[in-house]
Amino acid sequence: MTEKKRAGSRIRLLLLVLLLAIFAFVGVCQIYEAMSERDTASRVVLGMDSVQGEFSGGSLVGNPAPMGEYIAIVSGGTFMTVNSDGENVTDDVFSLSDPIIKESGDFAAVGDYGGTKVHLYENGKLVTEIEAEGEIITLATNSSGCFAAATEQRGYDAVITVYRKNGEAIYRYTISDKSFVDMAVSENNRYLLITAANAEAGDAGSTLTLAQINKSDSVKVYNIRSNVYFAVHFNKNGTFVCLGSTGIDIYRTDGVKTASITYEGRKLTAADVSKDNMITLAFAASDSSGVVEIYGKAGKLRGTAEFDESVENVCVNGNYIAVAHGETVDIIKANGKIKTTLDASSTVKYAAPFKNGNAALVFAGGSTEILKG
């Protein structure tokens, strides 16, 4: 090979190396840019500037409420419904100081404790606004948009009014001489379930009242001994779940108990019984670790999960559960297997998963954020 040919070959080789280096550099830049975009998108800080209408950062007031593809929250004192990108889809803006948000399916009933206005939302859009009959104690709704407002009125422990989705009042029930705790409306809009603490029912017992909405004179009352029910929920199959001080009880509408889940002396640290297909309970262990147990609506154990720290909060959305422990949120499946692990900047107080199980709305360190896996 002549010297001229050798020189040409060396030049071509140098050009090839240079081109490969350029391609590699561009590739690295693109990868770095994509990683930077993912890092930026993995954390969205939420809040609402009431003047600008833009997110700025704010603290969470009350628990987040999953409703289908969205999560309803009060951040920075302002009610909003956000998607997993942190975008507010609520078409009106109003402030709440002591919020009550009760969700079911795509619906959420929203009001202030001690206030008088109730807003009903469907997928973040305002459906109905009503003036309650008195100062609001709590709210309830079902997945068809039928909702109820428990209010305080002189001479009664609580007055409960049930409304259609359009705001029409269809039923009214008064409670006296008992301590009202919680309520639920059945999925078929036929029953109103009320639980109240009742010392006469035994050692810290409860009174369950089951009223048939379409029959004003059809009311059944059951006295429950040695278990105070803190929360109640109707399943779509007509049974209802009662979260109590000593365990979970599941009943039919004829008053027959179909299943019980006892705590067996363990300390309950968190629970969510508000969804149709899951009962989620978190217990503290003696070494400060935590265990989560997931049951089906019939009370059968579906899965368990163990964590190094105590579990502070559990929240169900669709097929996934957000478990807050320490500075971590694990999104787990019904069998207890982890789908997504999210690291927060400080100790997590509340966390709610989005329906796809890849992201969660998290309250940690005084700010509300969306974390993505």
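## Loops and salt bridges in a predicted model

Residues 24 or more positions apart account for 38% of the contacts in the chain with a separation of 6 or more. The model is a predicted one.

Student: How many helices and strands are in the chain?
Tutor: Let's start with the overall make-up of this chain. As for secondary structure, the chain has one helix and 31 strands.

Student: Is asparagine 142 buried or exposed?
Tutor: Find it in the loop between strand E9 (135-141) and strand E10 (147-152). The cut-off for buried is under 20% relative accessible area. Asparagine 142 has 0% relative accessibility, so it counts as buried.

Student: Which residues is asparagine 142 in contact with, leaving aside neighbours within four places in sequence?
Tutor: One hint comes from glutamate 103, 39 residues away in sequence but 7.4 Å away in space, C-alpha to C-alpha. Another comes from the side chain of asparagine 142, which has a polar atom 2.7 Å from the backbone oxygen of serine 186. With those close neighbours in sequence left aside, the contacts are Ser104, Phe107, Val185, Ser186, Glu187 and Asn189.

Student: Which side chain does a polar contact of 2.7 Å join to that of asparagine 142?
Tutor: Look among the residues that asparagine 142 contacts, which include Val185, Glu187 and Asn189. The side-chain partner in that 2.7 Å polar contact is asparagine 189.

Student: And serine 186, buried or exposed?
Tutor: Serine 186 is in the loop between strand E13 (179-185) and strand E14 (191-198). Its side chain makes a polar contact with the side chain of asparagine 188 (2.6 Å) and reaches the backbone nitrogen of arginine 190 at 3.1 Å. At 3% relative accessibility, serine 186 counts as buried.

Student: What is the distance between the closest N and O atoms of lysine 117 and glutamate 129?
Tutor: These two form a salt bridge. The pair links distant parts of the chain, with lysine 117 in strand E7 (residues 117-122) and glutamate 129 in strand E8 (residues 125-131). Their closest N and O atoms are apart by 3.8 Å.

Student: Which residues are linked with Lys117 in a network of salt bridges?
Tutor: Lysine 117 is partly exposed, with a relative accessible area of 42%, and glutamate 129 is partly exposed too, at 43%. The network joins Lys117 with Glu129 and Glu131.

Student: How many residues apart are lysine 165 and glutamate 122?
Tutor: Lysine 165 forms a salt bridge with glutamate 122, with 3.3 Å between the closest N and O atoms. Lysine 165 is in the loop between strand E11 (158-163) and strand E12 (169-175), while glutamate 122 is in strand E7, and the number of residues apart is 43.

Conventions:
Residues are numbered from 1 along each chain as its sequence is written. This is a predicted model: local features need pLDDT of at least 70, side-chain atom pairs count only at pLDDT 80 or more; totals for chains, interfaces and linings use all residues. Side-chain values use heavy atoms; hydrogens and water are left out. Helices (H or I, at least four residues) and strands (E, at least two) are DSSP runs, numbered from the N terminus. Buried means under 20% relative accessible area, exposed over 50%, partly exposed in between (1.4 Å probe, protein chains only). Contact means heavy atoms within 4.5 Å. A polar contact is a pair of N or O atoms within 3.5 Å; within protein, one must be able to donate a hydrogen and the other to accept it, and residues adjacent in sequence count only if both atoms are side-chain atoms. A salt bridge is a side-chain nitrogen of Lys or Arg within 4 Å of a carboxyl oxygen of Asp or Glu.
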